[in-house]
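Okay, thanks for coming, everyone. Let me put the chain up and we'll walk through it.

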Amino acid sequence: MFWLPVVVSFLITLSLSQHAGAGSVGEAQVDSSQPTVTLRFGGDVLLGGYYESATAGRPAYAFEGFTALSDADVAMVNFEHPVTRQGKKVPKPYNFRMSPEYLPALTAAGIDIVSLANNHIFDYGKEGLFDTISYLDSIGILHVGAGRDREEAYRPVVLNIRGQKIGFLAYYGGGESPGARRRSAGVARRELPLIRDQIDTLRRRDNVGFIVVNLHWGTEKALSPDASQRAFAHAVIDAGADAVIGHHPHVLQGIERYRNGVIAYSLGNLLFGGNSRDRYDTGILEIRLEPDGPRYRFMPVRIDAWRASLLGGADSARVVQSVRRLSRMFPATIFTN
């Protein structure tokens, strides 16, 4: 990982530049004799609501002792709420927010980047979004997919790690969060022509070698993507993306290999305090960028009493088998190809 708290001096050595809201472009230069780069992705994270009520006074509780994200070079999740004490509730069925007191949970987890392109980031209006950006910047967590104006919302995160340039983009297509405009805050909209242009720019102008596109989409509780999602994800890979990371359904879906890319249609909830369910199995997608090409692994995780742990043995095999079954609808998957 390139990040706090273990790596305060490490960050200085790597000359990580233009962090978070100041540009969301990091340049991490390290020894090229170790070419493998490990990326790990989790689904929805919401450290408010029932989670906050159950863990009052223990802000880092969720990820204490959990190293599955911090052991990666880059760890990314979908951040499903604003971090704020102000703003007014936007009229909608469910409004979520996280108290700044719970920021230590993010640092304890070892999260490096969050997607803000989702349907809850505007639950407390633009004030909530502005506070979120400021708080994330203050603890060194990069963000993508929403901003105080169009330029910031669509700005990619680009990291250079061990000589490999990796780009991260994020989009949301629904109506609960406004789309960013030239002079107004919002999220990056999930529009294919724009996504194609951004991927092309990362490839041609910025010489990015591996591109990850986050999509907040799909039907809640659905165990498989619909035909339009599959077509859209394929088009994103056809446009030059290497990985599509999906979230929003709150349940795990299958993982497809398409051409030279990978598509995780939904990584479910990593830790979601939006409902009272505090025990369930989920997982993390690992992508290892190796000299002869990427390698993929699904890592089963259990949430128990709001605390995350990696699964092993028969429990791990059971969750892997479940995702394998969900992936059988695809011609090629990370389990078969």
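So, which residues does Ala305 touch, not counting residues up to four places away in sequence? Tyr61 and Asp278, where a contact means heavy atoms within 4.5 Å.

Quick caveats. This is a predicted model, so local features need pLDDT of at least 70 and side-chain atom pairs count only at pLDDT 80 or more, while totals for chains, interfaces and linings use all residues. Residues are numbered from 1 along each chain as its sequence is written, and side-chain values use heavy atoms, with hydrogens and water left out.

Back to Ala305, which sits in the loop between β16 (293–304) and β17 (307–310). Ala305 is partly exposed at 35% relative accessible area; buried is under 20%, exposed is over 50%, and partly exposed is in between, using a 1.4 Å probe and protein chains only.

Now the helices. The chain has eight of them plus 17 strands; these are DSSP runs, H or I of at least four residues for helices and E of at least two for strands, numbered from the N terminus.

Look at α6 (192–204) and α7 (227–238): their axes come within 9 Å and cross at roughly 25°. The axes are lines fitted to C-alpha atoms over the stretch in contact, with angles from 0 to 180 degrees between N-to-C directions. That makes the pair roughly parallel, since the cut-off is under 35 degrees. At that contact, Leu192, Ile195, Arg196 and Ile199 in α6 meet Phe232, Ala235 and Val236 in α7.

How values were computed
Angles under 35 degrees count as roughly parallel, over 145 as roughly antiparallel, 65 to 115 as roughly perpendicular and the rest as oblique.
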